[in-house]
Amino acid sequence: MLDVKLVPSTGASPQIGIVHLGLGAFHRAHQAVYLQRHLNRHGESEWGLCSANLRSNRTLVDQLRERDGHYHVAEYRDREQVTLREIGVLREALYVGEGGQDLESLLQRMAAPQTRIVTLTVTEKGYCLSPSSGQLRREDPLIAHDMAHPQTPRSAPGIVLEALRRRRAAGTPAFTVLCCDNMPDNGQRTRQAVSALAAIQDAALAKWVEEQVAFPSSMVDRIVPAMDGESFRRLAQELDCHDPAAVVCESFSQWVIEDRFPLGRPDWELEGVQMVDDVRPFETMKLRMLNGSHSLLAYVGLLVGHETVFDAVSDANLLRLIGRYMAEEAAPTLDMPAGIDLSVYANDLKARFANDSLQHRLRQIAMDGSQKLPQRWLLGAQQLLDQGRDIACIALGIAAWIRYCTQPLPGQLAQLIDDPLNATFADLAGRFEGEALVKAFLEVDEVFPAQLSARAAFHDAVQSAYAALARDGMGKLLSTFAAPN
């Protein structure tokens, strides 16, 4: 029988002090939960949330408005224990996507003196940076629009910059910009996006941003699968929860933040947040160990025929593969503070992946591979090659990714590749095959850094893995590849 713990929202309606860009499931199951716990502890708060949906349809915003911003988060420890948490810290929901009318309201809210922090979860592609070089993509349609129309921005960097411009003009101190997306040095990359756009628009504004705006980095960790019909059915049947804005996630949660907030912040540390001077070791650990393993499970698992993370880690060969990847190709690239045992962390990750209550779909993880691979695999691959180490697991993952992007999955005619570069991949698949196809993929400079793609050892490893995959199929290759040494 399922053991359900109910945690209601308590405390007075908080004043809005934080604006968030990216009203998705992860934000609602992670940052908002920490702020709700803060509100429950104090009874009142100046750190209420205004959250804006930038791209998806406005249905979620309408649902939240109908419920005065209240929704539920179901935190599953396993099939037997779950905490159903009511969230009431979201005081305003806005929609600024296509057809949205809330852009001016969002900018006014961000420019208001009461707003002291702006946070973002807009995915890697939302910053409009080249994954390989980190430079602003001027050709991106959103950036091109914001260059021409800075006061009616469409991109996340453009929205942040226009709000900062208004604050500067009004003599209001700059808010802190806190990135909560899975990118290395995510604070610096957010600064790069905003500062590069500012330099195009207004040199004086760019100088003010450089001198006055804090961009601390953070590391966020909680597995939050995309909600689908089955998720809502389970909530209704198991928890009698009929909330269209509800989110399902694992019980584990972690947040590590660099402590640079000139205008103040919530006392997050009371809720378990790690406030540190330098987040990079934690950030890199999570990107390479957890996210790198997730991508390996996704591309290899989909080619084998699995649908969820639980299915994939229930495959003994795949479980051995990610064990080998974490021990031999991720951990050797990490320099962690004293007290962090990477072998313990790896075992904890395997246990989290095996949480069958989540039904985390591999297709969700496989999205936007061109944006994810550089920080999850490629930067580590460069270090491994510099150390004279093997990159067999990473090479297999890249080969599986190329195969996933260019050929139908087992038992299907085709699949929709959800990636900003899907047109490029389709073009390459139409013109090349075999070794030439792999060579063409590795020359996509939006994904592969020049210093890596120019290395013969890197090319040879990926070509060898792809040739074996084409010859033997993923099932046979995996059984050989993941065999114990």
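Helices H12 and H20 are oblique to each other, a label for angles that are not under 35 degrees (roughly parallel), over 145 (roughly antiparallel) or 65 to 115 (roughly perpendicular). H12 covers residues 316–330 and H20 residues 456–481, and the two pack at about 55 degrees with axes 9 Å apart. Axes here are lines fitted to C-alpha atoms, for helices over the stretch in contact, and angles run from 0 to 180 degrees between N-to-C directions. Helices (H or I, at least four residues) and strands (E, at least two) are DSSP runs numbered from the N terminus.

The model is predicted, with local features needing pLDDT of at least 70 and side-chain atom pairs counting only at pLDDT 80 or more, while totals for chains, interfaces and linings use all residues. Residues are numbered from 1 along each chain as its sequence is written, and side-chain values use heavy atoms, with hydrogens and water left out.

Returning to the helix pair, H12 passes H20 in a left-handed crossing; left-handed means that the near helix is turned anticlockwise from the far one by less than a right angle, and right-handed that it is turned clockwise. On the H12 side, Asn317, Leu318, Leu321 and Arg324 meet Leu478, Ser479 and Phe481 of H20, where contact means heavy atoms within 4.5 Å. These residues comprise 4 nonpolar, 2 polar and 1 charged. In this grouping, Ala, Val, Leu, Ile, Met, Phe, Trp, Tyr, Cys and Pro count as nonpolar, Asp, Glu, Lys and Arg as charged, and the others, Gly among them, as polar.

H20 also meets helix H18 (residues 434–442), the axes coming within 10 Å and crossing at roughly 135 degrees. That angle makes H18 oblique to H20, and their crossing is right-handed. H18 brings Gly434, Glu435, Leu437, Val438, Lys439 and Leu442 to the contact, and H20 brings Phe458, His459, Val462, Gln463 and Tyr466. By class, the residues of this contact are 6 nonpolar, 3 polar and 2 charged.

Turning to the sheets, 5 strands in the order S6-S3-S2-S7-S8 form an open sheet with parallel pairing; strands pair if DSSP finds at least two bridges between them. Strands S6 (90–95) and S8 (176–179) lie at the edges, each pairing on one side only. From one strand to the next, the twist averages 20 degrees. Within this sheet, S2 (residues 16–21) and S7 (residues 117–120) run parallel and are joined by 4 bridges, and Ile18 stands opposite Ile117 in S7. Two helices lie across these strands: H3 (residues 59–66) lies across S3 (48–53) and S6, at about 150 degrees to S6, and H4 (residues 103–111) lies across S2, S3, S6 and S7, at about 130 degrees to S2.

Another open sheet has 3 strands in the order S9-S11-S12, and its pairing is mixed. S9 (218–221) and S12 (274–276) each have a single partner strand, so one side of each is left without a neighbour in the sheet. Neighbouring strands are turned by 15 degrees against each other on average, direction ignored. S9 pairs with S11 (residues 254–258) in the antiparallel sense over 4 bridges, with Val220 opposite Trp255 in S11.

At the level of the chain, the protein is divided into domain 1 (3–277) and domain 2 (280–481), with bounds from an automatic or database domain assignment. Their centres, taken over C-alpha atoms, are separated by 28 Å. Domain 1 gives 35 residues to the contact and domain 2 gives 34 residues.
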